[in-house]
Amino acid sequence: MICFENNFYNFLSHIGFGGISLSYLITNIIYMRLCLSISSLVLVLWGLLSLPEYSCYSTIGWNLLFFLINTFYTIYEYKKSKNEIIT
């Protein structure tokens, strides 16, 4: 069992979902993706530390996927802005 099911860490969900909400206000694509990556990582921690076992696996899985996608595109957009990638 990897899920700790401790309600003390529920504040992490507010930080993670707040970060996702904040990303809607960001117009720079690199900063928006970076904000989404960090928010997804915080939600992974929330799932691990706070959720019961029957729901933590799907929360961790989906948010890890979103973290990887947004991290990849953050790096891609950064390299593209530095003209390292020719499209």
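1. Is Cys-3 buried or exposed? Cys-3 is buried, with a relative accessible area of 2%, where buried means under 20% relative accessible area, exposed over 50% and partly exposed in between, for a 1.4 Å probe and protein chains only. Please keep in mind that this is a predicted model, in which local features need pLDDT of at least 70 and side-chain atom pairs count only at pLDDT 80 or more, while totals for chains, interfaces and linings use all residues. Residues are numbered from 1 along each chain as its sequence is written, and side-chain values use heavy atoms, with hydrogens and water left out.

2. The structure holds 1 disulfide (a pair of cysteine sulfur atoms within 2.5 Å). Cys-3 and Cys-56 form this disulfide, with their sulfur atoms 1.4 Å apart. Cys-3 lies in the segment before helix H1 (11-23) and Cys-56 in helix H3, so the bond ties together parts that are 53 residues apart in sequence; helices here are DSSP runs of H or I with at least four residues, numbered from the N terminus.

3. Cys-56 is also buried, at 0% relative accessibility, and Cys-35 is buried with a relative accessible area of 12%.

4. Leaving aside residues up to four places away in sequence, Ile-60 touches Ile-2, Val-44, Gly-47 and Leu-48, contact meaning heavy atoms within 4.5 Å.

Note on methods
Helix = DSSP H or I, 4+ residues; strand = E, 2+ residues; numbered from the N terminus.
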